[in-house]
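Subject: Structure for your review

Dear colleague,

Please find the structure below. My findings follow directly after it, arranged by region.

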Amino acid sequence: MDRALNYLSIARKGGLAELGEEPVGAAAREGKAHLILVASDASDHTWRRAKSFAAGTDQQVVRLEETKEAMGFAVGRTSLAIAAVTDPRLALALVQALGAPEQHSQALEVLTAKAEKAKKHQAEAKAHRRNLRKGKK
């Protein structure tokens with residue numbers, strides 16, 4: 001589980017994570033939260049809020065085995081109950097680091113598709129920039 005928290009820490013340092021209920025809710029409403037993480041000892045109300053943020057979308061919600069203190073320590077806070085990862089490839093790596101693929105199979109499937117789409121989009125953007133430099137349209 002430490003690897004998953006390391007990915008959360010990397011996401012925060014790279015500006016690819018939203019921390020706390022308000023920012024996570026805003027990111028989910030904008031459709032930017034690819035993965036919402038909830039601490040194991042977070043209240044049932046927080047879990048229900050996270051599920052409602054993702055309801056009707058392909059955003060995934062995962063309950064971690066780590067406590068609020070462990071999540072907070074990973075991102076430089078005293079406590080953190082809910083967080084969102086806004087990059088699909090980093091979200092996929094985080095879910096893969098959790099282990100137990102049968103438990104997170106739906107999240108793995110959706111995030112794999114999103115990561116492939118993001119990779120394809122990045123390659124197309126790179127080819128477009130290269131064509132602009134060479135004078136092609």
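I begin with a side-chain contact in this predicted model: a polar atom in the side chain of Gln60 lies 3.0 Å from the backbone oxygen of Asp58. Gln60 belongs to strand S3, which spans residues 60–63. Its relative accessibility is 8%, and because the limit for a buried residue is under 20%, Gln60 counts as buried. Beyond its neighbours within four places in sequence, Gln60 is in contact with His34, Leu35 and Ile36, and also with Gln106, Ala107, Val110 and Leu111.

In helix H2 (residues 21–30), the buried residues include Val24, Gly25, Ala27 and Ala28. Viewed down the axis of H2, the buried residues fall within an arc of 165°, so they line one face of the helix. Glu22, Arg29 and Glu30 are exposed on the other side of H2. The cover over the buried residues of H2 includes strands S1 (17–19), S2 (35–38) and S4 (82–85), together with helix H3 (44–54). Just after H2 comes Gly31, which takes a positive phi of about 80°.

In helix H4 (residues 68–75), Met71, Gly72, Ala74 and Val75 are the buried residues. Around the axis they cover an arc of only 160°, and therefore they lie on the same side of H4. The elements against which the buried residues of H4 pack are helix H1 (2–13) and strands S1, S2 and S4.

The remaining findings concern Arg12, which is located in helix H1. Is Arg12 buried, exposed or partly exposed? With a relative accessible area of 34%, Arg12 is partly exposed, since that class lies between the limits of 20% and 50%. The side chain of Arg12 reaches the backbone oxygen of Val75 at a distance of 3.0 Å. Val75 is itself one of the buried residues of H4. Leaving aside neighbours within four places in sequence, Arg12 is in contact with Ala17 and Leu19 as well as with Val75. As for the separation of Arg12 from Ala27, the two are 15 residues apart in sequence, and their C-alpha atoms are 14 Å apart in space. Ala27 is among the buried residues of H2.

Yours sincerely,
A colleague

Notes. Residues numbered from 1 in each chain as written. Predicted model: local features only at pLDDT ≥ 70, side-chain atom pairs only at ≥ 80, totals over all residues. Heavy atoms only, no water. Helix = DSSP H or I, 4+ residues; strand = E, 2+ residues; numbered from the N terminus. Buried < 20%, exposed > 50% of the residue type's maximum accessible area, 1.4 Å probe, protein only. Polar contact = N/O pair within 3.5 Å; in protein donor to acceptor, adjacent residues only side chain to side chain. Contact = heavy atoms within 4.5 Å. Arc of directions from axis to C-beta.
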